[in-house]
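Here is a quick tour of one protein model, written for someone who would rather look at side chains than read tables. Keep the viewer open and follow along.

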Amino acid sequence: KITLEEDIKKTKYFLSIGRFTKQKNFDLLINAFNEFLKINSSYKLFIIGEGEEKKKITNKIKKLKLENQVNLLGFKNNVYKYLKNSKAFILSSLWEEMGFVIIEAASCNTPIISSDCPNGPSEFLNYGNAGYLFKNNSIIDLVKKMKKFDSDEKTIKYNKILLAKKNVKNF
C-alpha cells in the first residue's frame, strides 16, 4: 500500500485547507470536484482540516463514491509540503477574512483557485489576474475555473503565481 507521503509526491491533486464548517463550503467543493472528474479523472482532492461538519463531508464522499479520489487528511501542523506538491490550492469559502492559507499557498508558488467571497480573496488575487476566481457558491463556475486552470498553458499559470507571490508582501 502506498503511504500518504509517497502519494502526495506522485499524485496530481488539488488541495483545500480549513475547518469543516459551513463557511468553508466543502460541500460545494466536493460536488464541483465530482463534476470535474467527469472531464479529467487523473486528479485527486486532498482536504486538510477538522471540524463539526467532517462526518457530513465523509458521508457525501461515500454517497458520491469518491473514496479513492477525495482524501480527508485531518489536522496537519505543517501544510507546506502539501501546498508545494499540489497542482492548485482551492478556497471554496462562502465568506473569508483575508485568509492566511491563501497567503501560504502564494508563498509556496501554488496556483490559487478561489471563490470571490467577501473580504479579501478577490483583492489578493488582483480580481483574477493572480489566480482563478469563481463566482461565490457556484458549482458551475468553480468547475469552469478548474477546467480553465487544467487547460491553461504553463506560462499563464506562472504569471498568475508571480503576481500572487508579489501580493504576499502587501498582506
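## Starting at Gly-18

Gly-18 counts as buried, because its relative accessibility is 15%. Keep in mind while you look around that this is a predicted model. You'll find Gly-18 in the loop between β1 and α2.

With a relative accessible area of 10%, Asn-25 is buried. Now pick out Asn-137, which is 112 residues away from Asn-25 along the chain. The C-alpha atoms of Asn-25 and Asn-137 are separated by 7.8 Å.

## Lys-24 and Glu-96

Which residue does Lys-24 pair with in a salt bridge? The partner is Glu-96, and the closest N and O atoms of the two are 2.9 Å apart. Lys-24 is in the loop between β1 (12-17) and α2 (26-37), while Glu-96 is in the loop between β4 (88-91) and α5, so this pair ties together parts that are 72 residues apart in sequence.

Are the two partners buried or exposed? Lys-24 has 13% relative accessibility, so it counts as buried. Glu-96 has a relative accessible area of 8% and is buried too. To put a cut-off on that, buried means under 20% relative accessible area.

Glu-96 has another side-chain partner to check. Its side chain makes a polar contact of 2.6 Å with the side chain of Ser-93. The link from Glu-96 to Lys-24 also shows up as a polar contact between side chains, at 2.9 Å.

While you're in the loop between β4 and α5, have a look at Ser-92, which is found there. Ser-92 counts as buried because its relative accessibility is 2%. Between Ser-92 and Lys-56 there are 36 residues of separation in sequence and 16 Å in space, C-alpha to C-alpha.

## Other salt bridges

Glu-35 and Lys-38 meet through their side chains in a salt bridge, 2.9 Å from N to O. Glu-35 is partly exposed, since its relative accessibility is 33%. Lys-38 is exposed, given a relative accessible area of 61%.

Lys-54 and Glu-50 form a salt bridge as well, and their closest N and O atoms are 3.1 Å apart. Lys-54 comes out as partly exposed, with a relative accessible area of 22%. Glu-50 is also partly exposed, at 36%.

## A positive patch

Which residues form a positive surface patch? Turn the model until you can see Lys-84, Lys-165, Lys-166 and Lys-169, which make up the patch.

Lys-169 is a handy one to zoom in on. It is placed in the segment after α8 (154-168). Lys-169 counts as exposed because its relative accessibility is 71%; the exposed label applies over 50%.

Now for the backbone. Most residues other than glycine have a negative phi, which is the background for the next two stops.

Asn-109 is not a glycine, yet it has a positive phi of about 60°. Look for Asn-109 in the loop between α5 (100-107) and β5 (112-115). At 39% relative accessibility, Asn-109 is partly exposed.

Tyr-127 is not a glycine either, and its phi is positive at about 55°. Where does Tyr-127 lie? Head for the loop between α6 (121-124) and β6 (132-134). Tyr-127 is exposed, because its relative accessible area is 60%.

Notes
Residues are numbered from 1 along each chain as its sequence is written. This is a predicted model: local features need pLDDT of at least 70, side-chain atom pairs count only at pLDDT 80 or more; totals for chains, interfaces and linings use all residues. Side-chain values use heavy atoms; hydrogens and water are left out. Patches are made of residues with over 30% relative accessible area and no salt bridge: like charges are joined within 9 Å, nonpolar side chains (Val, Leu, Ile, Met, Phe, Trp, Tyr) within 5 Å. Accessible areas come from the Shrake-Rupley method with a 1.4 Å probe; for residues, only the protein chains shown count as cover. A salt bridge is a side-chain nitrogen of Lys or Arg within 4 Å of a carboxyl oxygen of Asp or Glu. Lys and Arg count as positive and Asp and Glu as negative; His and the chain ends are not counted. The place of a charge is taken as NZ of Lys, CZ of Arg, CG of Asp or CD of Glu. Helices (H or I, at least four residues) and strands (E, at least two) are DSSP runs, numbered from the N terminus. Buried means under 20% relative accessible area, exposed over 50%, partly exposed in between (1.4 Å probe, protein chains only). A polar contact is a pair of N or O atoms within 3.5 Å; within protein, one must be able to donate a hydrogen and the other to accept it, and residues adjacent in sequence count only if both atoms are side-chain atoms.
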